[in-house]
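Hi,

Here is the structure I promised you, with the sequence alongside. Have a look first, and then read on for what turned up when I went through it.

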Amino acid sequence: MTREQLIELRKKISELSEEDKKLRNLYLRGLANGEIQGPPVGYPSIDMPWLADYTEEDIMSDIKPRRMYEEFKENCLKFSDLVAVEYFENKITYRELLENADIVADSLVKDGVKKGDRVTVSMPYLPETIYTIYALNKIGAVVNMVDPRINSELVTRYVNTAHSDYAIIIDKAEKKFEKIMSNTNLRKVISVNPMNSMGNSVLRLASRFKKSSFTKWNDFITKERINIDSAHFVENELAVIEYTSGTSGEPKGVMLSNESFNALSLFQFQSCKMEPGKKFLLIMPPFIAYGLVIGMHNMLGQGQHLLMIPNFTLDKAPKMLPKLIDKHHPNCIMGVPNFLQILMNYKKDLSFLDGIIIGGDHLESQIEKDGREFLASRGSKAQIYKGWGMTELASCGSFTKMGGTNNIGSVGIPLSKNNIKILPKKSDDSEDYNIDDMELSYGEEGILFMCSPALTLGYYENQKATDRVIYTDGTGIKWMNTGDIFKVEQDGSMYFNRREKRVVVRPDGHNIPTEQIETIASSFDEVANSVVIGTPCDKYKHGEYATVCVTLKDKNMTQKEMEQILYNIEKMCKKELQPRDRAKYFMIVEKLPYTMNAKVDYDKLVQEVNLKIKDMKIDEDSRDAFYIIDDSLISKKRVRKRK
């Protein structure tokens with residue numbers, strides 16, 4: 001089939017009515033599972049072989065046009081007597097969850113928050129976090145999610161980027177917000193003490209006496225009910241802003257609509273249907289789409305009992321995860337690949353565990369095999385559900401369907417209403433893609449493009465960045481350039497290879513774009529060149545730490561001068577970047593290796609640097625960053641003291 005014939009075929013498909021498109025997908029399902037005889041075209045976006053794993057009901061289903069609050073309300077009424085959230089000693093039913101969200105909505109309206117306002121929410125998972133998110137959506141206000149752990153400069157940037165004048169924060173972030181008030185348009189900040197909803201009366205009482213320079217949550221909550229109606233649903237209306245890393249250190253606010261959340265809720269139900277009342281370990285935070293959409297909205301949509309753990313991090317996981325499992329006996333756990341590695345050290349029975357959802361990074365085939373054997377040895381029939389996604393797709397684009405195709409090494413199949421195509425990778429990074437170019441066939445590796453009803457509306461007030469990743473084809477369909485190298489097999493299974501651009505994937509699954517650290521390091525006059533590479537961590541098989549290697553213009557600098565440069569680079573990174581986007585190692589190298597084509601030889605540099613670091617036998621947990629000069633580890637303390 002020629003390119004022109006393929007374009008014409010796509011045009012004819014695009015002209016079908018929505019019902020006819022569903023009927024066509026039913027035909028493709030029959031073709032893929034052998035019920036109907038006939039040759040496929042040979043291109044994934046046309047054949048859609050993954051439809052064989054979906055039922056007729058899945059294919060004919062519709063995403064309801066409504067606010068995410070309205071879906072939340074329907075589910076709360078449906079599961080009203082079940083426990084929705086368990087937070088320390090406090091168990092909150094779905095009925096209570098809805099009632100509290102409605103009270104918060106009334107309080108916000110009484111406080112002057114209205115439809116279209118951007119409200120910054122800077123909290124880990126607390127019950128108040130869930131109340132706030134759905135209350136704001138009920139009003140029609142936009143949730144501006146901000147990680148409370150980032151520094152005050154970034155908080156300022158994120159608040160100002162969204163034009164937010166109202167914030168609801170965890171009390172531990174108060175000092176940061178006090179510091180930035182004069183540099184933002186914030187008119188009011190509500191502070192939430194995490195002990196407020198713990199269920200322990202002594203702790204609740206203690207939280208009331210804690211001093212705060214902002215309005216306390218309990219003082220903000222109105223006793224007068226006004227029972228506001230849910231705002232009218234508007235198609236493609238902004239609901240939530242989640243922040244993802246920029247390639248040059250600039251924040252990019254990913255705009256997610258109500259449809260993004262509700263599409264993922266439907267997809268999750270189709271791919272991984274769970275029995276209401278089951279216990280779900282909620283350990284991924286709300287300021288990443290993975291935790292907000294799959295962890296909260298999707299699981300509440302299935303009537304799950306959310307075990308809310310607000311202080312869970314990868315560093316604490318080796319000690320916390322076994323204790324949480326012992327205490328709660330969760331039926332489902334979500335996390336990154338390293339959580340599975342940690343779980344495999346668990347010595348007790350796991351017959352209560354029904355499933356593990358793994359995302360955030362590619363799961364190595366051997367660890368997946370070992371994981372399956374481990375679960376069976378602990379009496380569990382749990383399936384390891386693998387997925388792949390990005391914030392721009394509301395966290396998930398492909399998933400392992402329950403009872404469906406689950407090949408070792410794959411990241412599942414496209415969600416039921418998603419479509420994919422693989423385009424040949426451009427040899428020149430500056431060359432743009434033509435979405436209507438001839439796509440690759442099965443087994444061929446290239447750049448993954450995906451279209452989905454969950455696709456972002458774009459980057460907030462950043463059309464230039466939006467245009468770099470969202471393409472509209474000749475039929476008017478929008479496709480996301482994922483920047484990932486993939487291949488698709490004839491059964492629809494997707495296999496991730498690597499990112500197109502250089503990134504460092506941390507042990508917790510977060511991708512660090514290397515360019516943003518390199519830009520900061522190169523901004524110093526003393527630096528001739530800077531390159532960021534990944535250095536394996538000792539504790540986990542998955543993930544690396546970012547290492548910035550710099551060469552100097554002046555080869556005769558003193559030791560003190562070189563130490564000061566590394567200190568200054570790290571200090572600037574702390575100012576400009578979120579903690580998860582920073583380098584672990586700061587190294588001065590005499591020269592960078594180059595290929596015959598005069599490009600940096602990254603493979604050789606990785607080999608040389610990682611060998612040096614390995615020989616030093618560094619305790620990677622002892623510091624947040626390390627300085628290395630002339631193959632020697634430098635004490636940061638003496639540099640800071642001298643400074």
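Keep in mind that this is a predicted model. I'll begin with a pair of helices. Helix α7 (residues 127-139) and helix α13 (residues 289-301) have axes that come within 13 Å of each other and cross at roughly 80°. Angles of 65 to 115 degrees count as roughly perpendicular, so that is what α7 is to α13.

Which residues make the contact? From α7 there are Ile 130, Ile 133 and Tyr 134, and they meet Leu 292, Met 296, His 297 and Leu 300 of α13. By type, that contact has six nonpolar residues, one polar and no charged ones.

Five strands make up an open sheet in the order β25-β26-β27-β28-β29, and the pairing is mixed. From one strand to the next, the twist averages 25°. The edges are taken by β25 (527-536) and β29 (632-634); each has a single partner strand, so one side of each has no neighbour in the sheet.

- Helix α19 (residues 559-576) lies across β25, β26 (544-552), β27 (585-588), β28 and β29, and runs at about 145° to β28.
- Helix α20 (residues 602-616) also lies across β25, β26, β27, β28 and β29, running at about 65° to β25.

Finally, the chain as a whole. How many helices and strands does the chain have? The count is 21 helices and 29 strands. Along its principal axes, the C-alpha trace spans about 75 × 70 × 50 Å.

Of the 643 residues, 58% are buried. As for contacts with a separation of 6 or more, 69% are between residues 24 or more positions apart in the chain.

Cheers

How values were computed: Residues are numbered from 1 along each chain as its sequence is written. This is a predicted model: local features need pLDDT of at least 70, side-chain atom pairs count only at pLDDT 80 or more; totals for chains, interfaces and linings use all residues. Side-chain values use heavy atoms; hydrogens and water are left out. Axes are lines fitted to C-alpha atoms, for helices over the stretch in contact, and angles run from 0 to 180 degrees between N-to-C directions. Helices (H or I, at least four residues) and strands (E, at least two) are DSSP runs, numbered from the N terminus. Angles under 35 degrees count as roughly parallel, over 145 as roughly antiparallel, 65 to 115 as roughly perpendicular and the rest as oblique. Contact means heavy atoms within 4.5 Å. Ala, Val, Leu, Ile, Met, Phe, Trp, Tyr, Cys and Pro count as nonpolar, Asp, Glu, Lys and Arg as charged, and the others, Gly among them, as polar. Two strands pair if DSSP finds at least two bridges between them. Buried means under 20% relative accessible area, exposed over 50%, partly exposed in between (1.4 Å probe, protein chains only).
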